[in-house]
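Please examine the structure shown below alongside its sequence. The paragraphs that follow lead through its strands and then through the segment that precedes them.

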Amino acid sequence: VASEAVEPAVSSEQTRWIIEPNSEQRLQVHFRAEEVAYYSATLTFEMVSDVMGGSATVSVSGVSALPGISSDPQLVFQRRKKRRPQDGYAVKS
């Protein structure tokens with residue numbers, strides 16, 4: 001069974017970011033689940049020195065599933081002979 005190498009998550013020791021007005025900070029959330037299910041969570045960020053003194057929330061969700069094979073033979077066997085040759089042997093062309 002071939003498996004794809006998973007890079008370890010990069011964690012930052014930084015717990016406070018300074019984000020300038022009208023700018024953005026991109027986050028990459030890595031998700032790994034042991035069970036097949038739908039997962040959802042809310043990430044909450046507190047804003048320090050904000051005029052409103054509030055927090056920002058971001059909803060995240062993920063679906064974990066087992067790999068599967070299509071049951072449609074036309075998708076699985078795309079390169080196929082339309083009919084059997086006269087000599088009775090199929091030869092890959």
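Two strands are said to pair if DSSP finds at least two bridges between them. Strands themselves are DSSP runs (E, at least two residues), numbered from the N terminus. The model is predicted: local features need pLDDT of at least 70, side-chain atom pairs count only at pLDDT 80 or more, and totals for chains, interfaces and linings use all residues. Residues are numbered from 1 along each chain as its sequence is written, and side-chain values use heavy atoms, with hydrogens and water left out.

Consider the strand pair. Strand β1 covers residues 37–46 and is joined by 10 bridges to β2, residues 55–64. The two strands run antiparallel, and within this pairing S40 stands opposite S61 in β2.

The segment before β1 contains N22. This residue has a positive phi of about 60°, although it is not a glycine. N22 is exposed, with a relative accessible area of 87%.

How many salt bridges does a search of the whole structure find? It finds 1, a salt bridge being a side-chain nitrogen of Lys or Arg within 4 Å of a carboxyl oxygen of Asp or Glu. R26 forms a salt bridge with E24, and their closest N and O atoms are 3.2 Å apart. Side chains of opposite charge can pair when their charged atoms come close. R26 is exposed at 69% relative accessible area, and E24 also counts as exposed, at 59%.

Technical notes: Helices (H or I, at least four residues) and strands (E, at least two) are DSSP runs, numbered from the N terminus. Buried means under 20% relative accessible area, exposed over 50%, partly exposed in between (1.4 Å probe, protein chains only).
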